[in-house]
Amino acid sequence: MLDQLTGNDRVKKLLKRMLEARRVPGAMLFAGEEGIGKKLFALEIAKALNCRTPQGVEGCGQCPSCLRTGKFNYPQSNESDDWKGIIWTDHADVGMVVAPKRVLLVDQMRLIEREANYRPYEGKARVFLIEDADKLNDSSANALLKVLEEPPHTSHIVLLTSRPDMLLPTIRSRCQMIRFSPLAADEIETHLVKNKIATPGEARIRARVARGSLGRALAQDLDEFNEQRKAMLRVLQALTLGEDRIQLLHSAEELNDAKHRDEYESRLDVLESLIRDAWMLSLNAPAEKVVNEDLLPQLKKISAGLDGRHPAGWISQIEEMREQLIVNINRKAATDALFLTMAAAAPPLQRRRFVP
Ligand SMILES: [Zn+2]
């Protein structure tokens, strides 16, 4: 059932209306951030169309058809050849293709075309998902166009992407685009607690640095995450408590250690959440408002060393840096520059307010 999925209530309503009107488009484009459940939403459509004991217009989630729809038979190996076919679920009418390497292949689109033209084997509809549809190149996109133009009324093709702008306009114009929003931190937090994935305290922190993606919140390795927080806390300490400035450069190195951009960004998120916490404390906000509750004593100390206008400046510097990251600047140089600007904006020791 759609209501059991986390977030995106607007999309749920829209999809329900389509099901009620029995007008589920033959070609849809689900666009939105990684890890917010686009694939699960698409599977709910597949379940609804094939369910044997539907609940209203939705799939019951319990019958053999619904149960089989949720189980993909992923290849056991990482050999790209094994990923070139359709990855079927246990349901003979529901499958998916993923790019074996960097691009989706012409042959994969031909397979979808062929399969989409068959009548359903066991249900009433066939549903095909194309993961990371932004990996279509010109040739595979053109191969897909044919079937997108007039899919048989019993087949539905759902393209999933976090980067809809990378798709050819001809593909986009043939699909009904459905935009997903990033999840609210509260929605992620509730999900983590309800499913006993994290303790309430952990869930609160993880949800707030997941940038709207449940997938990201789930993928966080907690030990590693706590290490990151410690490193970023040291940055703040160096900035506010006048502790060893050399530490700043060490921290810049630690930040740059991030293996990929996503990890790097999550470190920036952590730094931002710590800055916001210290800022709030400096404004006498109650301790419950603090996200990193477990670091309260350290954060209080930092907040005492803050000069009201600096945290806002730091956050906007971090935000500026994020924008630059999109155009792939040299990360190392940018981090060093960021920390040095932040340090320059830190209150000089002798003018710092006296805190009894
Ligand atoms: Zn069912």
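Why is S4 largely enclosed by the rest of the structure? Keep that in mind; the tour comes back to it.

**Before you start.** This is a predicted model, in which local features need pLDDT of at least 70 and side-chain atom pairs count only at pLDDT 80 or more, while totals for chains, interfaces and linings use all residues. Residues are numbered from 1 along each chain as its sequence is written, and side-chain values use heavy atoms, with hydrogens and water left out.

**Stop 1: the zinc ion.** Select the zinc ion with Cys51, Cys60, Cys63 and Cys66. Their SG atoms are its protein donors, 2.2 to 2.3 Å away. Donors are N, O and S atoms within 2.8 Å of the metal (3.2 Å for Na, K and Ca); water is not among the atoms, so sites may look incomplete. The 4 donor atoms make angles of 102 to 117°, and the site is tetrahedral (four donors, all angles between 85 and 135 degrees). Along the sequence, the donor residues follow the spacing C-x8-C-x2-C-x2-C. Cys60 and Cys66 are buried, meaning under 20% relative accessible area with a 1.4 Å probe, protein chains only.

**Stop 2: the sheet.** Now show the strands (DSSP runs of E, at least two residues; helices are runs of H or I, at least four; both are numbered from the N terminus). An open sheet of 6 strands runs in the order S2-S3-S4-S5-S1-S6, with mixed pairing. Its edge strands are S2 (87–88) and S6 (176–179), each pairing on one side only. Two strands pair if DSSP finds at least two bridges between them. Select S1 (residues 27–31): 4 bridges join S1 to S6, and the two run parallel. Phe30 has Ile178 as its bridge partner in S6.

**Stop 3: strand S4.** Select 126–130. Here is the answer to the opening question: 5 of the 5 residues of S4 are buried, so the strand is largely enclosed. Arg126, Phe128 and Ile130 cover one side, Val127 and Leu129 the other. In a regular strand the side chains alternate between the two faces of the sheet.

**Stop 4: the neighbours of S4.** S3 pairs with S4 in the parallel sense over 4 bridges. Met96 has its bridge partner, Leu129, in S4. S4 and S5 also pair in the parallel sense, over 5 bridges. Phe128 stands opposite Ile157 in S5. From S4 the chain crosses through helix H5 (residues 138–149) to S5, a right-handed β-α-β crossover. Right-handed means that, with the strands pointing away from the viewer, the path from the first strand over the helix to the second runs clockwise. S3, H4 and S4 also make a right-handed β-α-β unit.

Definitions and conventions
Four donors count as tetrahedral if all angles lie between 85 and 135 degrees; four count as square planar and six as octahedral if opposite donors are over 155 degrees apart and all others between 65 and 115; anything else is irregular. Buried means under 20% relative accessible area, exposed over 50%, partly exposed in between (1.4 Å probe, protein chains only).
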